[in-house]
Amino acid sequence: MTLKTEPITVNIGPQHPSTHGVFRLRVAFDGEVIQDVEPVFGYLHRGSEKLAEERTYTQVVTLTDRLDYVAPMTSNQAYVLAVERLMGIEAPERGQYIRVMMAELMRIASHLMMIGFFLQDMGAFGTPLMYTFREREDILDLFEMVCGARITVTYMRVGGVQADLPPEFTPALERFLAKIPGQIDDLEQLLSGNEILIARTKNVGLLSAEAAINGSVTGPALRASGVDWDLRKSDPYEIYDQLEFDVPIGENGDNYDRFVLRLEEMRQSVRIVRQCKEQMPGGPHRLELPMLLRPPAGDAYGRVEAPKGELGFYLVSDGSIAPYRCAIRSPSFINLTVLRDMLIGWKLADMVTIFGSLDVNMGEVDR
Amino acid sequence: MYGEGILKGMAVTLKHLFKKPVTVQYPEERAPMFPRFRGYEFVWYEDRCTGCASCAKYCPLGTIRIETETEPDPNVGDRYGLKVFDIDTGRCMFCGLCVEACPYDALFMGTGFERATYTRPSMVVHIDELRAAKKKPSAYARPHLHGINFEDETSLSSEEAGR
């Protein structure tokens, strides 16, 4: 006689520690195997797009800090690029170099966070996370030195950056650049050869290149599937066309590829920061612009390669001091669309790791 | 070989065992703040302030409340007298736009960071508190203040702080 079984629906989140924020999943289980997934989000909705319509163009920069709170510098950059395109201006070269340097430091910090939490989800409790946080702290110290805050930076302005680099910045950056490659190697050595980690990540959570493209996935999750698409190379903005770096590509699109690809991306970011430091030109860091900007009526789309994928701001101006419409294309939100296909057929314990490997930030998903 | 990865990982943890800790024992030790730190206790110089309310206008959250009156001294013609200058730091997000907007170097970010209080109304900094507070301005948006070391008793006068 066979037992009659029914799928069990389990609610995971929104206060579940593994969901990296207030994310909720309604999962139908057949025993331990996932049959169906329904993501539920919106718990962190703050209405950033609507708030932007009532703020002046300079004030909106403060809102972009709070989108992806793990990588505020890149959010700043995407927004100011959109406004600059709207106004038809370009930041001075030194300002662009500083922006790119900050964005790459931010990418290292964001990937460090992702790796720490990913390994924590895998069961390596505490140790890797403490290491990555220690290294991230050095980057946040650099930010505090430059702009006075660690997370809510509000550093970039339309037409450049808020302030020039302080004199104590360069020695501190050199100290940081001297030790970070060794720390990334340590991080790789710590667990990437571990049998348990390999068993739980290799060929788990496969995302084919076709499915990734169909789901508009961008960023490391797309590149791990073997698609060579990085806005820094494909659509170079600011000074990326003057810099030398490689875009690492994965093969299988599994958890392991997404994890190792981020380690490699951090090494490339270190290369970029080093080049920026050496090539840093003199001159002004910011255009002389009034605090109240009045871009001509029209629309513009500015996008950057954020640590999590393509982050874009679509701005519509009616010629007044505030944007008429500010739409945000956030990578975390769109990367979530493939989550259901990636999870079906895997077990409950794999759910946490697959979700963690996508590196989703809820502040950006709900906006 | 089975267990090789674990041995490699353990080598890293063993190496860290002999390193100096990076943490700071906070209440006893204090990490130094950077000169540009955007901190608590706004620094405001009444004699430099003209009551133009640029700071209030540029604040994204509207946390600064200013009420002006006619300047009582008839010899002064280029400024307003100030009746109210309240900063609601409970809602402030320390973005620093007010300081950047001030054209007369009258408002500065502070350098403190211990701002816990028991009630919300006590987070509103009133004009008398701003007048009486020790002036330890941060170098945020004021590069000429870079490199000043603040001891416990230092208080910068308005001539020293201005450009």
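**View 1. A lysine charge over a tyrosine ring in chain B.** The charged end of B:Lys135 lies over the ring of B:Tyr45, 5.5 Å from the ring centre. B:Arg38 has its charged end over the ring of B:Tyr140, 5.2 Å from the centre. A charge sits over a ring if NZ of Lys or CZ of Arg is within 6 Å of the ring centre and within 35 degrees of the ring normal. This is a predicted model: local features need pLDDT of at least 70, side-chain atom pairs count only at pLDDT 80 or more, and totals for chains, interfaces and linings use all residues. Side-chain values use heavy atoms, leaving out hydrogens and water.

**View 2. Aromatic rings in chain A.** Rings of Phe, Tyr and Trp (its six-membered ring) pair if their centres lie within 6.5 Å; planes under 30 degrees apart count as stacked, over 60 as edge-to-face and the rest as tilted. By this rule, there are 13 aromatic pairs over all chains. One is A:Tyr237 with A:Tyr240, edge-to-face, at 5.0 Å centre to centre and 75° between the planes. Both A:Tyr237 and A:Tyr240 are buried (under 20% relative accessible area, 1.4 Å probe, protein chains only). Elsewhere, A:Phe23, A:Phe41, A:Phe333 and A:Phe355 make up one aromatic cluster.

View 3. Two strands pair if DSSP finds at least two bridges between them. B:Thr68 has B:Leu82 of strand 3 as its bridge partner.

Terms used: Residues numbered from 1 in each chain as written. Chains lettered and ligands numbered in written order. Buried < 20%, exposed > 50% of the residue type's maximum accessible area, 1.4 Å probe, protein only. Helix = DSSP H or I, 4+ residues; strand = E, 2+ residues; numbered from the N terminus.
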